[in-house]
Structures are given as structure tokens and as C-alpha cells.
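Good morning, everyone, and thank you for making the time.

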Amino acid sequence: FGDLEVVLQQNNRHHECRFTSKSKHFIQRLQNVEKRIVRVLEVAGGVMDELANPAGPRKDLLNNHCGEFMQLIKDIQVTLREEIKSACEYRPFDKCDYSARLSSEISCKKL
């Protein structure tokens, strides 16, 4: 594997993969989804706390939490569908010749 490691190191020096503005936007939207998922868990925890209330659960509070929970779930689903569709269309390495060059260099070394 020594020859392969040398080729990989050489190619890594010549080819840097940079984030495009589209990929930064994609990552930022996924981070926003992550924040919403954390909020969903907080709301679910609030429902559980309210259900465990010794005085009994307050119906208005449960209704508010459940409404917020369902809205967050819908928003997360919509955003994830959009991002998955976008990711399927997004191909940042289509123009990259790294794998072809690596294969060529390995073949040359084998000869």
C-alpha cells in the first residue's frame, strides 16, 4: 500500500475540495433542522412533565405542546424532503477528475 499512499498524498496536495455556496447553504439548512429536532424533544419532554404533574395535567398546556410538536414535525419533514431532493440533484464532484487520475496513476505504477 506504500505506493498508493504516496499517490494519494500527492493528489491531496494538488486537489483541494472546497465548499461551494450551495453546499454551505445545504449544511446550514440541515443545522436548522437539527435545532428543530432538539426543540421537538424539548416539547415532548414538556408533555411528559405535564402528564407526570401530581396535580394532574393542564389541558391547555398539553394542547399547546401537542400543537407545537405536530407543527415542528411537519416542518422538519418538509425541509428534509426538500434537502434530500436537492442533495440528489447536487453533485459537487462531477467535474472532479481525481478518481480517474488516481486510477491512471495506479495503472501506470503497476505496468
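Let us begin with E42, which counts as partly exposed because its relative accessibility is 47%; here buried means under 20% relative accessible area, exposed means over 50%, and partly exposed lies in between, with a 1.4 Å probe and protein chains only. E42 forms a salt bridge with R39, and the closest N and O atoms of that pair are 3.3 Å apart, where a salt bridge is a side-chain nitrogen of Lys or Arg within 4 Å of a carboxyl oxygen of Asp or Glu. Both E42 and R39 belong to helix α2, three residues apart, which is about one turn of the helix.

Before I go on, please keep in mind that this is a predicted model, in which local features need pLDDT of at least 70 and side-chain atom pairs count only at pLDDT 80 or more, while totals for chains, interfaces and linings use all residues. Residues are numbered from 1 along each chain as its sequence is written, and side-chain values use heavy atoms, with hydrogens and water left out.

R39 is partly exposed at 32% relative accessibility, and E68 is partly exposed at 30%.

How many salt bridges does the rule give? The count comes to five, and one of them joins the side chains of E82 and R29 at 2.8 Å, N to O. That pair links distant parts of the chain, with E82 in helix α3 and R29 in helix α2, 53 residues apart.

Let me step back to the whole chain, whose secondary structure comes to four helices and zero strands; helices (H or I, at least four residues) and strands (E, at least two) are DSSP runs, numbered from the N terminus. Of the 111 residues in the chain, 14% are buried.

Which residues make up the largest nonpolar core? They are V33, V40, V43, L72 and I76, a nonpolar core being a set of buried Ala, Val, Leu, Ile, Met, Phe, Trp, Tyr and Cys residues joined through side-chain atoms within 4.5 Å. The elements that give two or more residues to this core are α2 (21-51) and α3 (59-89), and α2 gives the most, with three residues. In soluble globular proteins, nonpolar side chains tend to be buried together. If we leave aside neighbours within four places in sequence, V40 is in contact with F69, L72, I73 and I76, where contact means heavy atoms within 4.5 Å.

Is T79 buried or exposed? At 8% relative accessibility T79 counts as buried, whereas L80, at 30%, counts as partly exposed. Not counting residues up to four places away in sequence, T79 touches R29, V33 and R36, so we meet R29 from the salt bridge with E82 again, and V33 from the core again.
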